[in-house]
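The stops below are in the order in which to select them.

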Amino acid sequence: LNHDDEIDGFIVQVPLPGHINEQRIIEAIDPRKDVDGFHPVNLGKMVLNLPCFLPATPMGVITLLERYNIEVEGKNCVVLGRSHNVGMPISILLSRKAKTGNGTVTLCHSFTKDLPSITSAADILVVAIGKLGYVTAGMVKKNAVVVDVGIHRIPSDETKSGFRVKGDVLCDEVAKKCSYISPVPGGV
């Protein structure tokens, strides 16, 4: 794929099975064809605000904020989750000097002490912690913008697929406090 001139770009669907070294595979991709933006060259360029491929989900969060005219500049932004494909990149994108950036960003994770006090101070809360229904109304500031990036397949006898999709945020509960919330499914 790297050497085929007919191929402009490709992605490696992650996560990979445990016996495959994900980082080794990502680093084998030609950065010019790494449309997921996971190669260290693209991540480095993203940090430096240089032209590069950006990870799709973080770019989707930025696009969502842009389309709804949600101001990021000067806002207290909290990113809950530190994965290399969502949490860390979105924290960088929100803090960069850019149209939808210039936020003051705190990056948290499941080991962060007194997490509710941090999340409840956020003007913009991006949740990508990978834990079903983790964020409750008590963890969210009134009128905050909440972006749920979590994806969990829950068995369901009520759907043709046999499952339904839910996020990291208890959407029905949290939505009552928010100015905006992205649902799962139907959001990012």
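Select helix 4 (87–95), where seven of the nine residues are buried, so helix 4 is largely enclosed by the rest of the structure. Buried here means under 20% relative accessible area, exposed means over 50%, and partly exposed is in between (1.4 Å probe, protein chains only). Helices (H or I, at least four residues) and strands (E, at least two) are DSSP runs, numbered from the N terminus. This is a predicted model, in which local features need pLDDT of at least 70 and side-chain atom pairs count only at pLDDT 80 or more, while totals for chains, interfaces and linings use all residues. Residues are numbered from 1 along each chain as its sequence is written, and side-chain values use heavy atoms, with hydrogens and water left out.

Show the side chains next. The buried residues of helix 4 are Gly87, Pro89, Ile90, Ser91, Ile92, Leu93 and Leu94. What do the buried residues of helix 4 pack against? Their partners are helix 2, helix 3 (56–67), strand 1 (76–80), strand 2 and strand 3, with contact taken as heavy atoms within 4.5 Å.

Now select helix 2 (residues 40–47), in which Asn42, Leu43 and Met46 are buried. These residues cover an arc of only 100° around the axis, which puts them on the same side of helix 2; the arc is that of the directions from the helix axis to the C-beta atoms. The buried residues of helix 2 pack against helix 4. Just after helix 2, pick out Asn49, which takes a positive phi of about 60°.

Display helix 2 and helix 4 together. Two packed helices are described by the angle between their axes and the distance between the axes. Here the angle is about 30° and the axes are 10 Å apart. Axes are lines fitted to C-alpha atoms, for helices over the stretch in contact, and angles run from 0 to 180 degrees between N-to-C directions. Helix 2 and helix 4 are therefore roughly parallel to each other. The cut-offs are under 35 degrees for roughly parallel, over 145 for roughly antiparallel and 65 to 115 for roughly perpendicular, with the rest oblique.

For the contact itself, select Leu43, Met46 and Val47 in helix 2, which meet Met88, Pro89, Ile92 and Leu93 in helix 4. By class, this contact has seven nonpolar, no polar and no charged residues. Ala, Val, Leu, Ile, Met, Phe, Trp, Tyr, Cys and Pro count as nonpolar, Asp, Glu, Lys and Arg as charged, and the others, Gly among them, as polar.

Move on to Thr100, in the loop between helix 4 and strand 2. Is Thr100 buried or exposed? At 8% relative accessibility, Thr100 counts as buried. A polar contact of 3.1 Å joins its side chain to that of Glu66. Leaving aside neighbours within four places in sequence, Thr100 is in contact with Ile62, Leu65, Glu66, Val72 and Leu93. A polar contact is a pair of N or O atoms within 3.5 Å; within protein, one must be able to donate a hydrogen and the other to accept it, and residues adjacent in sequence count only if both atoms are side-chain atoms.

The last stops are backbone features. Asp114 has a positive phi of about 55° although it is not a glycine. Asp114 sits in the loop between strand 2 (104–108) and helix 5 (115–119) and is exposed, with a relative accessible area of 55%. Finish at the peptide bond from Val14 to Pro15, which is cis, with omega near 5°.
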